[in-house]
Amino acid sequence: MMLTETSVVPGSALPVQAFKDHLRLGSGFADDGVQDALAESYLRAAIAAIEGRIGKALLARDFLWVLDGWRGTSAEAMPVAPVTLIASVTLKDVAGTPTAIPGTAYRLVRDAHRPKIAGIGGSLPSVPTDGTVEIAFTAGFGPVWADVPVDLAQAVFLLAAHYHENRHEVGDRATGLPFGVMALIERWRTVRVLGGGEA
């Protein structure tokens, strides 16, 4: 399995000024551009860390998921949530020849934690021997910061502030997320059941 982001969150979608206000950084100085770039880098790092921990995409973007076979015959759990759109499903044989699967052959089963792609009429399309299936989809709570649930948005600010405050530290002083961040993201963590197959 390989999951690739095929689009990135634009800088305009990130709450750089709100985060700077959270840090109580001044403005109107000659190095404002440097501060903006640093704030954006801390926000992106915090978002990535939290997304990795909870299995959710906070801001909407496109992904490509490549599998060499389905774990189940009728449905497959998606690798991240929440999924808003399955744009395409393409089968490729061992030679790499693509076959587009019509949208009438599958559907998105929406779920806050475990969205799935499911076959319509019984089963998912068969993956060619030694071939792959490629699923292009969009995931995320929405395209703008206001779409992110408030507890997750606060967790991002707390973790980004933690990175900012400890930017000069060297070594492994802290190996996990701060307790306040963990408390905020706990209800969003996905419990994996049966290896992510049809469960």
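Which elements each supply at least two residues of the lining of the second largest pocket?

Author: The model is predicted, so local features need pLDDT of at least 70 and side-chain atom pairs count only at pLDDT 80 or more, while totals for chains, interfaces and linings use all residues. Residues are numbered from 1 along each chain as its sequence is written, and side-chain values use heavy atoms, with hydrogens and water left out.

Strand 1 (2-5), helix 2 (32-54) and strand 2 (61-67) each supply at least two residues of that lining. Helices (H or I, at least four residues) and strands (E, at least two) are DSSP runs, numbered from the N terminus. A pocket is an open set of points on a 1 Å grid over the protein atoms alone, where a 1.4 Å probe fits, with protein on both sides within 12 Å along at least five of seven lines; lining residues have an atom within 4 Å of a point. The second largest pocket has a volume of about 160 Å³, volume being the space filled by probe spheres set on the points, which are joined across faces, edges and corners.

Strand 1 gives the most to the lining, with three residues. The lining includes Leu-3, Thr-4 and Glu-5, along with Glu-51, Gly-52, Arg-61 and Phe-63. Gly-55, Lys-56, Ala-57, Pro-79 and Val-80 also line this pocket. By class, the lining has five nonpolar residues (Ala, Val, Leu, Ile, Met, Phe, Trp, Tyr, Cys and Pro count as such), four charged (Asp, Glu, Lys and Arg) and three polar (the others, Gly among them).

A nonpolar core is a set of buried Ala, Val, Leu, Ile, Met, Phe, Trp, Tyr and Cys residues joined through side-chain atoms within 4.5 Å; buried means under 20% relative accessible area, exposed over 50% and partly exposed in between (1.4 Å probe, protein chains only). The largest such core has 30 residues, and those with the most contacts inside it are Phe-19, Leu-43, Ile-50, Trp-145, Val-156 and Ile-185. Helix 1 (16-23), helix 2, helix 3 (150-165) and helix 4 (179-185) are the elements that give two or more residues to this core, and its largest share, eight residues, comes from helix 3. Apart from it lies another core, of 21 residues, among them Leu-91, Val-127, Val-133 and Phe-137.

Trp-145 touches Ala-13, Pro-15, Ile-47, Leu-59, Ala-153, Val-156 and Phe-157 (contact means heavy atoms within 4.5 Å), not counting residues up to four places away in sequence.

Pro-82 is found in the loop between strand 3 (75-77) and strand 4. Strand 4 (residues 83-92) pairs with strand 5 (residues 98-101) in the antiparallel sense over four bridges; pairing requires that DSSP finds at least two bridges between two strands. Thr-90 has Ala-100 in strand 5 as its bridge partner. The hairpin of these two strands has five residues between them, and there Gly-96 takes a positive phi near 90 degrees.

Asp-130 has a positive phi of about 65 degrees although it is not a glycine. Asp-130 lies in the loop between strand 7 (116-119) and strand 8 (132-139) and is exposed, with a relative accessible area of 66%.
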